[in-house]
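Hi everyone, thanks for making time for this one. Let me put the model up, and then I'll walk you through a few spots in it.

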Amino acid sequence: MKTMLMATAALAAAAFGASTASAQSLSQPEVYGSIGATATNNNKSDSSLNSMNARLGTKLTPHFGVEGELAAGTNGDTTNSGRYKLTNKKAAYAVGFLPVSERVELIGRVGVSDTKLKNYNNSPIAEDGTALDVGVGAQMKLNDAYAIRGDYTRSAFKDDRGNADNLSVSVVRKF
């Protein structure tokens, strides 16, 4: 966990330094929040789980920001290996933004997450615990305050606990 946190912090510092050197800075940080839904496919438990997520972020420069995410599970799944339900997920990310038009920007993010998966039969293969997350997505501005965002994030769990593929759709509000 410490190694992943240090690696993420180093990456965030490097990205922040590069973005401030090559881009105009915002007059003040742009704060945003979002609410959305996520569909998750876990490879080891073979479970498909859904959740609601909330994100809060700050765009520090036009091309770099940070965001936190909280998610709560909305369904359970029974597979050959057992019965599972997402209890909660907490994550922190360094986020890169690449505008491709006046209304659309691409997003890349890297961070660390902590997932709690309810494993009703306590099998050891559950995608649970700390993971390194890497994701890509796009965001389309609807007006000056609102946007629609879609993204894909891969969670690689430590201790050989498998991977989770997360697809999210969110409504974003700039404050």
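Before going on, the ground rules. This is a predicted model, so local features need pLDDT of at least 70 and side-chain atom pairs count only at pLDDT 80 or more, while totals for chains, interfaces and linings use all residues. Residues are numbered from 1 along each chain as its sequence is written, and side-chain values use heavy atoms, with hydrogens and water left out.

Back to T38, which sits in strand β1, residues 30–42. Is T38 buried or exposed? It counts as buried, because its relative accessibility is 7%; the cut-offs are under 20% relative accessible area for buried, over 50% for exposed, and partly exposed in between, with a 1.4 Å probe and protein chains only. Leaving out residues up to four places away in sequence, T38 touches L49, N50, S51, N53, N166, L167 and S168, a contact being heavy atoms within 4.5 Å.

Now the overall layout. Of the 175 residues, 41% count as buried. Among contacts between residues at least 6 apart in sequence, 59% join residues at least 24 apart.

On to the inside. Which residues make up the largest nonpolar core? There are eight: Y32, A91, Y93, V95, F97, I107, A147 and V172. Strand β5, residues 82–99, gives the most to this core, with four residues. A nonpolar core here is a set of buried Ala, Val, Leu, Ile, Met, Phe, Trp, Tyr and Cys residues joined through side-chain atoms within 4.5 Å. One member, I107, touches V95, G96, F97, G135, V136, G137, A138, Q139 and R149, again not counting residues up to four places away in sequence. Apart from this core lies another, of five residues, including L49, Y84, L86 and A126.

One last stop: Y146, in strand β8, is partly exposed, because its relative accessible area is 37%. Happy to take questions!

Key. Helix = DSSP H or I, 4+ residues; strand = E, 2+ residues; numbered from the N terminus.
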